[in-house]
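Please read this report alongside the model.

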Amino acid sequence: MSTPAPRDFRPALHYTPQSGWINDPNGLVYAKGQYHLFAQYYHEPVWGPMHWAHAVSRDLLHWEHLPIALAPDDLGAVFSGSAVFDQNNTSGLGREGQAPLVALYTSHGDFEQQSLAYSLDGVHFEKYSGNPVIPNQERADFRDPKVFWNPVKSCWSLVLAAGDHVEFFASPDLLHWTKTGRFGPQGNYSEGVWECPDLFPLAAPDGREVWVLLLSNGGCEANHGSRTQYFTGSFNGETFTADGRFTQPEFIDSGYDNYAGVTFFGPERRLLVGWAANWVYAAQTPTGVYCNQMTLPRALTLADTPKGGLRLACAPVEGGAFGPAVEAGPLPGEVFHLRFSGQGAGSLCLRNERGEELAFGVDERNQAFVDRSRAGLRDFDENFARDWYSRMEAPRLYDGPWTLDLYFDHSICELFLDQGTRAFTFTVYPSAPYTVAAP
């Protein structure tokens with residue numbers, strides 16, 4: 001059991017469990033006016049046999065905790081996966097007037113296999129009697145199915161991680177699956193085992209349809225721990241082909257605390273939620289009865305940048321919950337939206353009465369940066385305390401004036417720059433609240 005937190009670091013507007021551990025967001029689905037969020041969960045604030053926690057929201061910020069959706073069984077623990085609203089009852093698991101929520105997840109036992117569960121009321125789930133629906137008796141790494149509707153073949157498809165590549169499967173009914181293709185390891189520029197893929201189309205600014213493949217790579221030193229990269233390209237209904245525009249890892253977030261992000265099935269906008277933590281130090285954070293949190297939901301788009309070409313962009317979905325943007329000066333508590341603008345080099349610091357400070361800005365090389373080396377508690381984990389994990393930076397994809405928007409929620413920060421083409425998600429643990437923002 002973790003020692004009690006010296007003060008309350010629990011975010012107000014980021015999802016956390018009431019108690020216990022969470023990691024990867026799972027089963028993100030919008031159905032009947034509610035957003036469903038599931039997550040890898042264990043009832044102690046340490047990683048253990050994985051279950052699926054479950055919560056619902058109507059605004060993506062305030063969550064109602066529901067009973068545990070899935071628990072381990074004879075096939076193993078319940079690892080990551082996804083869910084869809086089977087509105088037309090293609091699975092045959094619904095009843096008249098009751099279309100099912102259908103979850104595909106990894107059963108983690110002697111081997112990793114894909115299993116299915118379904119719910120008619122959106123709360124209670126029943127596991128399919130024919131599990132596993134995608135068996136595996138050969139490979140150690142074969143997990144994290146992300147289901148989507150395939151508009152090319154008019155069927156269900158899924159992408160899952162298979163060690164050093166991803167594989168694609170198709171199905172007419174969510175129950176019977178056939179492998180259709182693979183991507184990788186050619187074209188990958190990141191170290192670490194492949195995890196938590198996602199595949200979806202976005203409209204480019206010129207109107208073209210571009211497919212985006214998300215790929216999370218497990219913790220490695222070169223990446224500053226666990227990170228999520230992305231590729232752009234095309235999908236022919238059977239497999240993804242990268243367009244080769246990147247020659248190095250292109251991460252969805254330049255901070256070090258955004259991993260395993262996947263998107264919702266169902267809403268009109270492409271909305272993503274990530275795990276706001278890093279496998280390198282997630283188990284040691286000084287938060288007491290709960291451990292880890294999710295990012296704010298983000299709306300994803302594509303932007304044509306002058307210095308980087310077509311890039312993924314994101315904007316927080318927060319609906320004004322953080323209040324009006326404030327500038328340098330006194331801070332209004334521990335939940336706020338801070339806006340800082342400039343041209344050329346410039347930086348701002350959040351400070352508290354203990355002399356701790358969190359610095360961020362744009363440097364003389366036109367790089368956005370964050371420095372949390374003096375931001376608060378650090379000695380809870382030797383890696384978190386290292387310089388390698390304390391300073392974050394990324395080159396801007398624009399020249400000229402800039403505006404930084406920081407969303408601060410007790411201990412989790414999300415910083416956005418240049419229409420969201422650069423984002424930094426990172427945790428800090430100040431021993432006293434920050435009270436002022438100053439140059």
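Which residue forms a salt bridge with Asp198? Lys146 does, with the closest N and O atoms 3.5 Å apart.

## Basis

This is a predicted model, in which local features need pLDDT of at least 70 and side-chain atom pairs count only at pLDDT 80 or more, while totals for chains, interfaces and linings use all residues. Residues are numbered from 1 along each chain as its sequence is written, and side-chain values use heavy atoms, with hydrogens and water left out.

## Salt bridges

A salt bridge is a side-chain nitrogen of Lys or Arg within 4 Å of a carboxyl oxygen of Asp or Glu. The whole structure holds 25 of them. Strands are DSSP runs (E, at least two residues), numbered from the N terminus. Both Asp198 and Lys146 are buried. Buried means under 20% relative accessible area, exposed over 50%, and partly exposed in between (1.4 Å probe, protein chains only).

Glu414 and Arg298 also meet, at 2.7 Å from N to O. Glu414 is in strand β29 (residues 412-417) and Arg298 in strand β20 (residues 298-305), so this pair ties together parts 116 residues apart in sequence. Glu414 has 0% relative accessibility, so it counts as buried. Arg298 counts as buried too, at 2%.

Asp405 and Arg339 form another salt bridge, with the closest N and O atoms 2.7 Å apart. Asp405 belongs to strand β28 (residues 402-409) and Arg339 to strand β23 (residues 335-342), so parts 66 residues apart in sequence are tied together. Asp405 is buried at 14% relative accessible area, whereas Arg339 is partly exposed at 37%. Elsewhere, salt bridges link Glu112, Asp141, Arg143 and Glu195 in a network.

## Strands

An open sheet of 5 strands runs in the order β4-β3-β2-β1-β19, with mixed pairing. Its edge strands, β4 (64-70) and β19 (290-291), each pair on one side only. Two strands pair if DSSP finds at least two bridges between them. Strands β1 (residues 20-31) and β2 (residues 34-42) run antiparallel, joined by 7 bridges. Val29 has His36 in β2 as its bridge partner.

β9 is mostly covered, with 7 of its 8 residues buried. β9 pairs with strand β10 (residues 155-161) in the antiparallel sense over 6 bridges.

## Pockets

A pocket is an open set of points on a 1 Å grid over the protein atoms alone where a 1.4 Å probe fits, with protein on both sides within 12 Å along at least five of seven lines; lining residues have an atom within 4 Å of a point. The largest pocket holds about 460 Å³ of space. Its lining has 20 residues, with Gln248, Pro249, Phe251, Pro395 and Arg422 nearest the centre. Strand β27 (residues 391-395) gives the largest share of that lining, 5 residues.

The second largest pocket has a volume of about 260 Å³. Of its 17 lining residues, Phe148, Trp149, Phe265, Gly266 and Arg270 lie nearest the centre. β9 (143-150) and β13 (194-203) each supply at least two lining residues.

## Cysteines

How many disulfides does a search of the whole structure find? The count is 0, with a disulfide taken as a pair of cysteine sulfur atoms within 2.5 Å. For Cys196, the nearest cysteine sulfur is that of Cys220, 15 Å away. Cys196 is buried at 5% relative accessibility.

Definitions and conventions: Helices (H or I, at least four residues) and strands (E, at least two) are DSSP runs, numbered from the N terminus. Grid points are joined across faces, edges and corners, and a volume is the space filled by probe spheres set on the points.
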